[in-house]
Amino acid sequence: MNETKLKIRIYGDPVLRIKAAPVKVIKPAHRQVLSQMAQLMYESGGIGLAAVQVGVSEAMIVVDIGAGLYKLINPKIVEKQGSQAMEEGCLSVPGVCIKVKRAKKIVVKAIDEEARPVVLQAEDLLACVFQHEIAHLNGKLIIDYANFLDKIKNANALKALKKRSKDEGPRAGSRLFF
Ligand code: ZN
C-alpha cells in the first residue's frame, strides 16, 4: 500500500475495475488511508468513497450522508429488501448521472478500524450509498447499470472522462457525489 497523497481516480483508470482484496490484518496504513479517504470525500462534497477510488485495491469504504461518518472494512451486504431507484453520481465519473435500481433496505456486515464486528441496518439514501460503495469494491460503476438511453446521453461525457482519466480528479464544483 502506497502512502503518498491519495487522489480520486477517474473512469478509464483500470484500478476502478479491479476487485478489491479483503483486508486480513488491519495495519496503521489502513487507518491512514481511511482517514485520508474521509478527508477527500468531504473536500469533494461527496457522501461516500471506496478505497479503489483512490487507487487502493482493498475492501474499505467511508460513508457520511450527513448523519455521521462510517469507516468500514470488508463490508458485505447480508440482507436486501425492497427496491428503489435513485439518480446517482460518482466522484470517479464526474458529470454523469444514472438512475440505479437497488434494494431499499439492507443489512451490512463489516469490521471497524479496530477489527470489531459491525452490523448496520440502512434504508433509503444510506442503503443506496452503501450499495454504491460496495459495488465499487467489486469493480462496478454506475455506468454498468445504465440503460441504452442513459448510455447515449452520457456517451460524450464518458469519452471525455476516459481521455482525462490520468488527470488529477474531479473538477471543482462537480455536483456529483459518491
Ligand atoms: Zn462512486
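Residues are numbered from 1 along each chain as its sequence is written. Because the model is predicted, local features need pLDDT of at least 70 and side-chain atom pairs count only at pLDDT 80 or more, while totals for chains, interfaces and linings use all residues; side-chain values use heavy atoms, with hydrogens and water left out.

Helices (H or I, at least four residues) and strands (E, at least two) are DSSP runs, numbered from the N terminus. Five strands form an open sheet in the order S1-S2-S3-S6-S7, with antiparallel pairing; two strands pair if DSSP finds at least two bridges between them. Strand S1 (48-50) and strand S7 (117-123) are the edge strands, each pairing on one side only. On average, neighbouring strands of this sheet are turned by 35 degrees against each other, direction ignored.

Strand S3 (residues 70-81) and strand S6 (residues 105-111) run antiparallel and are joined by 6 bridges. Lys105 in S6 is the bridge partner of Gln81. S6 also pairs with S7 in the antiparallel sense, over 7 bridges, and here Ile106 stands opposite Ala122 in S7. S6 and S7 form a hairpin with 5 residues between them.

Two helices lie against these strands. Helix H1 (residues 28-43) lies across S1, strand S2 (60-63) and S3, and runs at about 35 degrees to S2. Helix H2 (residues 124-137) packs on the sheet and touches S1, S2, S3, S6 and S7; its direction makes about 155 degrees with that of S2. Axes are lines fitted to C-alpha atoms, for helices over the stretch in contact, and angles run from 0 to 180 degrees between N-to-C directions. Contact means heavy atoms within 4.5 Å.

Helix H3 (residues 148-163) has 16 residues and reaches 22 Å from its first C-alpha to its last, close to the expected 22 Å. The expected span is 1.5 Å times one less than the number of residues. H3 bends by about 55 degrees at Asn154, the bend being the angle between axes fitted to the seven residues ending there and the seven starting there. At the N-terminal end, Asn147 caps H3, with a side-chain oxygen 3.2 Å from the backbone nitrogen of Leu149. Asp150, Asn154, Leu158 and Leu161 of H3 are buried, and the buried residues of H3 pack against strand S5 (98-102). Buried means under 20% relative accessible area, exposed over 50%, and partly exposed in between (1.4 Å probe, protein chains only).

Asn74 is found in strand S3. Asn74 counts as buried because its relative accessibility is 19%. The side chain of Asn74 reaches the backbone nitrogen of Val23 at 2.8 Å. This is a polar contact, a pair of N or O atoms within 3.5 Å; within protein, one must be able to donate a hydrogen and the other to accept it, and residues adjacent in sequence count only if both atoms are side-chain atoms. Leaving aside neighbours within four places in sequence, Asn74 is in contact with Pro22, Val23, Ala59, Lys109, Ala110 and Ile111.

Most residues other than glycine have a negative phi. Ala115, in the loop between S6 and S7, has a positive phi near 70 degrees. Ala115 is partly exposed, with a relative accessible area of 45%. Asp124, which lies in helix H2, has a positive phi near 55 degrees and is partly exposed, with a relative accessible area of 30%.
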